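These are my notebook entries on one protein chain. I set down what I looked up, topic by topic.

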Amino acid sequence: IEDQIDDDLPYPINIQLNTVENSLIKSDQTFAFEFFSKVFAEEQKDENKNFMISPFSLSMALAMTWNGSDNETKIAIQETLKMSGMSDEEVNNYFKKLKESFEKTDPSTKLAIANSIWTNDNIKILPEFLSLNQEFFNATVEAADFSNSSTAQRINKWAEDKTNGLIKEIIEETSPRALMYLLNALYFKGIWTSEFDAKNTSKMKFIPEQGNSHSVDMMQQNAHFNYASDETMQLIELPYGNQAFSMMVLLPQQGRIIADISRTLQNKDYWDNMKRKLRDSNVDLFLPKFKTEYSKQLNSVLKDMGMDIAFTPNEADFSRMSDTPSFISFVKQLTYIAT
């Protein structure tokens, strides 16, 4: 919606992608929707609570790990990321381009993507693994004493600094037997192009998928947005700043549930086709104010997606990372979102 872009803001950077990179975008998207569906399925069986995940953060961290894997373990990571057949160079260049472009495309939006590798100072890490992740992922590399309790504090301080104080603890302690801790932190703060006026926020009824309705602070505005719908859901695009970034809000149609959306998103080309249906429309938008903090260990999800070997002692092959036999002990993601 070009006439809504502030005159003081530059237009978004046009990220030029080659054929391979366009293919990797598709792969990343497929990975994201499968990742969402697996976490959603686990939450339905478990606590069935609100959750927030960052597929891009996870795919970037796994791509860094890819650089240290070999043989069947490398194939498993490739297949989990839906990037089979892609070379190390192609994948590394892809993430480097996205990271650098995302951080520059909208000066009115604060976006920081930070990576770090904390290595056990008692274990030799192969220099090529470190140099690849420094070159392509701009990863900070630091050797540390994992038997010292202050190391966990330093790692947590790094995460707190990179997330503007939102995430204060990612690990409780470091294990002296650990090879390394590989971290990705993504921080985003944006202002909607069409902002909600505080005076139009009021208590209204919200009907959750399960349970009784309850009163929430509901934001409201009438404005032009890109909007689309089909038999499964309604879709609205809420752009930030110069519209380089958007929040896409999906709402099940009457008689449908979130599980229906999760299943439908697995269909090939569905999301791209849905986005092509977006049209400038006058919308009366009601959106509840919300805040979600979420933490989840992702071992079972990633095993279910095909990475079991990477978590298995004596089978995992990270020989491009270290001569010391090693495996992934845990993958954990912490997220925070607020409107």
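Entry 1, a loop residue. I looked up the contacts of Ser 326 (contact means heavy atoms within 4.5 Å) and found Leu 179, Ala 316 and Phe 318, leaving aside neighbours within four places in sequence. Ser 326 sits in the loop between helix H9 and strand E10 (332–338). Helices (H or I, at least four residues) and strands (E, at least two) are DSSP runs, numbered from the N terminus. I also noted that Ser 326 is buried, at a relative accessible area of 12%. Buried means under 20% relative accessible area, exposed over 50%, and partly exposed in between, with a 1.4 Å probe and protein chains only.

Residues are numbered from 1 along each chain as its sequence is written, and side-chain values use heavy atoms, with hydrogens and water left out.

I looked up pLDDT, the predictor's confidence in each residue, from 0 to 100. The protein chain averages 93, and 97% of the residues score at least 70. Where is confidence lowest, and where is it highest? It is lowest in strand E9 (residues 291–297), with a mean of 90, and highest in H3, at 98. Over residues 1–5 pLDDT stays under 50, and the model has 13 contacts for them beyond four places in sequence. Where pLDDT is low, the predicted coordinates should not be read in detail.

I found Lys 168 in the loop between helix H6 (149–162) and E3. Lys 168 is exposed, at 52% relative accessible area, and is in contact with Asn 156 and Glu 160, its neighbours within four places in sequence left aside. From Lys 168 to Met 64 I noted 104 residues in sequence and 23 Å in space, C-alpha to C-alpha.

I then turned to Glu 231, in the loop between strand E5 (214–229) and E6. Glu 231 counts as exposed, at 56% relative accessibility. Not counting residues up to four places away in sequence, Glu 231 touches Gln 253 and Arg 256. Glu 231 and Leu 81 are 150 residues apart in sequence and 30 Å apart in space, C-alpha to C-alpha.

H4 (residues 88–104) has 17 residues. From first C-alpha to last it reaches 25 Å, close to the expected 24 Å, where the expected span is 1.5 Å times one less than the number of residues. Which residues of H4 are buried? They are Asp 88, Val 91, Asn 92, Tyr 94, Phe 95, Leu 98, Lys 99 and Ser 101. Their cover includes helices H1 (19–45), H2 (55–66), H3 (71–80) and H5 (127–137), and strand E1 (110–120).

Two packed helices are described by the angle between their axes and the distance between the axes. Axes are lines fitted to C-alpha atoms, for helices over the stretch in contact, and angles run from 0 to 180 degrees between N-to-C directions. Angles under 35 degrees count as roughly parallel, over 145 as roughly antiparallel, 65 to 115 as roughly perpendicular and the rest as oblique.

H4 and H5 pack at about 40°, with their axes 8 Å apart, and are therefore oblique to each other. Asn 92, Asn 93, Phe 95, Lys 96 and Lys 99 in H4 meet Leu 132, Glu 135, Phe 136 and Phe 137 in H5.

H3 and H9 (residues 299–307) pack at an angle of about 100°, with their axes 9 Å apart. That makes H3 roughly perpendicular to H9. Ala 76, Ile 77 and Thr 80 in H3 meet Leu 302, Met 305, Gly 306 and Met 307 in H9.

A search of the whole structure gave 16 aromatic pairs. Rings of Phe, Tyr and Trp (its six-membered ring) pair if their centres lie within 6.5 Å; planes under 30 degrees apart count as stacked, over 60 as edge-to-face and the rest as tilted. Phe 188 and Tyr 240 form an edge-to-face pair, 5.1 Å centre to centre with 75° between the planes. This pair links distant parts of the chain, with Phe 188 in strand E3 (residues 180–189) and Tyr 240 in strand E6 (residues 233–240), 52 residues apart. Phe 188 is partly exposed, at 31%, whereas Tyr 240 is buried, at 10%.

Definitions and conventions. Predicted model: local features only at pLDDT ≥ 70, side-chain atom pairs only at ≥ 80, totals over all residues.
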